[in-house]
Amino acid sequence: QSSIKLADLQNLVLYCLAQGTSPQWVAVRHHGQVNKAVVLFVPGLERCMFDGSAALDTIGKGPEQVPPVGNGTDQSHGSQISPSVSSNIAMISNHASSHTHASPDDYLPVRLAAENLPEPLKPLAECFEYLWPVKAPGDDKFAKLYSPLHHMLNSQLPKSQEQKAAEKAIKGAKPMNDQRWESKRTPITTFISSKDELRENDYVMHPAWFGTEPEKEAERRRRLDAGQTADSGWVDSRITDLGAGDHLDISCEKGSLTAGRTVLAMDCEMCTVEGGDAALTRISLVGWDGEVVMDGLVKPDKAIIDYLTR
């Protein structure tokens, strides 16, 4: 009576084509002879369309005409699996059923009969013998539905028997097996965003990023048009050369990740003022060792109408 997950459908395909784990919900004979699998996603197919509990011309017109959904993740795209994988099965999204299971026909999978289907769905009975609801991946807590196509196409590579045996033989922490890995410290300056990354994310660019006068002038005009100059309340730190932030490999390898630099983490709390604009309300600075360097309140020029504490 329960639906299967999209991961179960993926495991079935991997079992037939890539020596995946044997599925527990369906038996496949001679799975090694399957050479190809075709999965067809059809948006909009619902179980209620097949059992007659909802007419096709009423789907989507109003919540009172559509049976309630079991949970937030059941509103999935329909999917169908090729006859080359198993007995022909049509996979559609699962809706809760209000009637009691009293007949073998009420249990899954349900055999499709063309004479019992609406006219638009009769061709499906010619391609698929059975109907089995598929539960798409999602998050019930936040009512999010993940992409069925993305979930179907992404899978971890299966491990060989030798790899599994080797992992079981290892006691304690496992060694690094990536040949590209080097035992080398990473300086803190490695995590500073590049010029292109700052521009791509619409950050205000410091004048020190630009080495030529034409570049500085072009950036000055852009900031002027965007209201990001000193006249609008913006203040640039006193840095003339970004080379001062370059690290020394020798200092870093001796044990200092910061290489003698002062690293600060800043967090700003905003509020809404008259006119609907956002204004700074609180600013906090924390040092590399977790010591609070600064934590103060800021009084906006305009009256605060929302502290955004929700």
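Is L308 buried, partly exposed or exposed? L308 has a relative accessible area of 42%, so it counts as partly exposed (buried is under 20%, exposed over 50%, partly exposed in between, with a 1.4 Å probe and protein chains only).

This is a predicted model, in which local features need pLDDT of at least 70, side-chain atom pairs count only at pLDDT 80 or more, and totals for chains, interfaces and linings use all residues. Residues are numbered from 1 along each chain as its sequence is written, and side-chain values use heavy atoms, with hydrogens and water left out.

L308 is found in the segment after β12 (304–306); strands (E, at least two residues) and helices (H or I, at least four) are DSSP runs numbered from the N terminus. D202 lies in the loop between α6 (195–200) and α7 (213–225), and D202 is exposed because its relative accessibility is 68%. Neither residue is a glycine, yet phi is positive in D202 and in L308.

| Residue | Phi |
|---|---|
| D202 | about 60° |
| L308 | about 55° |

M294, in strand β11 (residues 292–297), is partly exposed because its relative accessibility is 38%.

The largest pocket has a volume of about 2,000 Å³ (the space filled by probe spheres set on grid points joined across faces, edges and corners). A pocket is an open set of points on a 1 Å grid over the protein atoms alone where a 1.4 Å probe fits, with protein on both sides within 12 Å along at least five of seven lines; lining residues have an atom within 4 Å of a point. Of the 33 residues that line the largest pocket, V204, H206, S237, I239 and M266 are the closest to its centre.
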